[in-house]
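Subject: Structure handover

Hello,

Here is the structure for you to take over. My notes on what was found follow below it.

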Amino acid sequence: MTTMESLIGLVNRIQRACTVLGDYGGDSALPTLWEALPSVAVVGGQSSGKSSVLESIVGRDFLPRGSGIVTRRPLVLQLHKTEEGLQEYAEFLHLPKRRFTDFSMVRKEIQDETDRMTGRTKQISPVPIHLSIYSPNVVNLTLIDLPGLTKVAVEGQPESIVQDIENMVRSYIEKPNCIILAISPANQDIATSDAMKLSREVDPTGERTFGVLTKLDLMDKGTNALDVLEGRSYRLLHPWVGIVNRSQADINKNVDMIAARRREREFFATSPDYGHLSSKMGSEYLAKLLSKHLEAVIRARIPSITSLINKSIDELEGELDHLGRPIAIDAGAQLYTILELCRAFDRIFKEHLEGGRPGGDRIYGVFDNQLPSALRKLPFDRHLSLQNVRKVISEADGYQPHLIAPEQGYRRLIDSSLNYFRGPAEASVDAVHFVLKELVRRSIGETKELRRFPTLQAELAAASNEALERFREDSKKTTLRLVEMESSYLTVDFFRKLPQEVEKGGNPSASAADRYGEGHFRRIGSNVSQYVAMVSETLKNSIPKAVVHCQVREAKRSLLDHFYTQVGKKEGKQLSQLLDEDPALMERRQQCAKRLELYKSARDEIDSVSWSR
Ligand code: GDP
Ligand code: MG
């Protein structure tokens, strides 16, 4: 048999765990257990008697009183029935292990704790204060005291307070699992009751609303509240309960709770109006009614709570897997993690180069399109124009024109032509450099494991780019050297095979005249142009070899070599800095872990109750 104590006790324990682990329901982006648990919230206008009803259900004076809005934070009040004869005490969740036996100190602590959160500004806060009362004289029950509904802000309060309070109260009582204790004073028209107005709004069928009518003793002589109490003026699913609390005069005279309860019983027993209802009136009856109802609600909810818990555990574990588990703290494990992450990145980078992932083909594009078209566009036509050839050849000879072949002129023309190849050579190096850089950037983005570690990402990117920069320098030197080599030694065979001008002319005098004529320079231009075309063909093939050798092959082989050496020299603290995560992500992981802990402990609690059946 599951007893009432164990069921309500179960919910009490889960609720405590919720508060400890930061689940107040509501706006957090995490699954909430709090909202699935049944609770009882006290709702009513200011001075309707909420504090008095709560106190008489508990049987102790402990709630702050005063004019204005005294209750500015929700108070979650858990009543735990203890064995007869044990001393009563109260305990706050924010002050664990401190037992309050003096209930006036409880009142003071509620005030102080309210101020700690809200300042003395009379602001309100939705973060609840958790108070447990252990006593032989209570029934197991969780009650939530909420700020009283008001109609106007008073001195020092912001204008928004009326709406703020209503919103906060609504946020509690609109939860389908909230049992509403709607308090209205009997000496006011029930039609104007704030409590009824708000509870009807959130619970139109009245299935979770308990109507409580206070101040029955303050009604005008000759009138009674039977129309309300018997459900005629305001129909609710559950019966109305009438209450007589202590008056202000009683409180001033320190009338104690025991005496007050006796007086309340007598009031109903001897009342000509309410005598026939007396067994169903008064705060003791209300407490039992609530407790029984709560038990039934919990019993009915347990299967769905259990499945909610299991579902949420799955969800949270899934998310934690996705976020990645926390990183080890010892330096060895951290170094290992860093190297693993680097390798994962390096693998992806290589796939981009070698195939499997796109991007490597763009390097071939540089060699196949960009370089040949740059070579084609070199301005040799202009450089080897008749006019320029004549100019260069003539200038090369100085005051004494060449006698046989214009050796100097040829050399100058060829040298100055070959110089043009530097441009396409450097451009190829740069183009491949940018492809590689882009592939690094993409590979870092595609390394899922790295996503948590923005610092390491940045360091890896910096180290890779530095390495690529070094490869670029080296590649530039090598390709330019290829160009320089072409001008340092010309292919002699080419010139030997050229038809000899003298023979070609046939007539020596004609050829001598031709030596300084147009045809002569045109032939020179055409010869140089052919030579340059041959070199261009050679470079078109050799520049890609140099670029791949110096940049692509090195990127594949030793992109992170420098980085590894640096990481190897780092100490514990520097290593953990590399593994710094995005603070938002760490926060989220921590929240998920905490919430997971809550659900697991709730599951254990429920298991233990089910087993004791
Ligand atoms: P709250 O603002 O809703 O918490 O109302 P309180 O419980 O502080 O009560 C406001 C005032 O009404 C106090 O002076 C109480 O003594 C008085 N009061 C509350 N209930 C009753 C009642 O049933 N009868 C009488 N005579 N006075 C009551
Ligand atoms: Mg009050």
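An oxygen atom of ligand 1 sits 2.7 Å from a polar backbone atom of Ser-47, a polar contact being a pair of N or O atoms within 3.5 Å, where within protein one must be able to donate a hydrogen and the other to accept it, and residues adjacent in sequence count only if both atoms are side-chain atoms. This is a predicted model in which local features need pLDDT of at least 70 and side-chain atom pairs count only at pLDDT 80 or more, while totals for chains, interfaces and linings use all residues. Residues are numbered from 1 along each chain as its sequence is written, chains are lettered from A and ligands numbered from 1 in the order in which they are written, and side-chain values use heavy atoms, with hydrogens and water left out.

Ligand 1

Lys-215 also takes part: one of its polar backbone atoms is 2.9 Å from an oxygen atom of the ligand. On the side-chain side, a polar atom of Asp-217 lies 2.8 Å from a nitrogen atom of ligand 1. On its own the ligand has 580 Å² of accessible area, and the protein covers 88% of that (Shrake-Rupley method, 1.4 Å probe; for residues, only the protein chains shown count as cover).

There are 17 residues around ligand 1, and Ser-47, Lys-50, Ser-51, Ser-52 and Gln-248 come nearest (a residue is near a molecule or strand if one of its heavy atoms lies within 4 Å of it). By type, the shell divides into three nonpolar, 10 polar and four charged residues. Here Ala, Val, Leu, Ile, Met, Phe, Trp, Tyr, Cys and Pro count as nonpolar, Asp, Glu, Lys and Arg as charged, and the others, Gly among them, as polar. Helices α2 (50–58) and α7 (248–252) each supply at least two shell residues, and α2 gives the most, with three. Helices (H or I, at least four residues) and strands (E, at least two) are DSSP runs, numbered from the N terminus.

Two residues with positive phi

Most residues other than glycine have a negative phi. Lys-215 has a positive phi, near 60 degrees, and its place is in the loop between β7 (209–214) and α6 (226–229). Lys-215 counts as partly exposed because its relative accessible area is 25%; buried means under 20%, exposed over 50%, and partly exposed in between (1.4 Å probe, protein chains only). Asn-254 is not a glycine either, and its phi is positive at about 60 degrees. Asn-254 lies in the loop between α7 and α8 (257–270) and is exposed, with a relative accessible area of 66%.

The cores

Which residues have the most contacts inside the largest nonpolar core? They are Ile-57, Phe-62, Leu-131, Ile-173, Leu-181, Leu-216 and Leu-290, in a core of 101 residues. Helix α9 (residues 283–323) gives the largest share of this core, 13 residues. Apart from it lies another core, of 64 residues, including Cys-342, Val-392, Val-440 and Val-567. A nonpolar core is a set of buried Ala, Val, Leu, Ile, Met, Phe, Trp, Tyr and Cys residues joined through side-chain atoms within 4.5 Å.

Ser-475, in helix α16 (residues 454–488), is buried, with a relative accessible area of 0%. Not counting residues up to four places away in sequence, Ser-475 touches Val-429, Ala-546, Val-547, Cys-550 and Gln-551.

Leu-596 is in helix α23 (residues 583–611) and counts as buried because its relative accessibility is 8%.

Lys-350 belongs to helix α10 (residues 331–354) and is partly exposed, at 27% relative accessibility. Beyond four places in sequence, Lys-350 is in contact with Gly-355 and Lys-556. Arg-557, in helix α20 (residues 518–558), is 207 residues from Lys-350 along the chain, yet their C-alpha atoms are separated by 9.4 Å.

Regards

Conventions:
Contact = heavy atoms within 4.5 Å.
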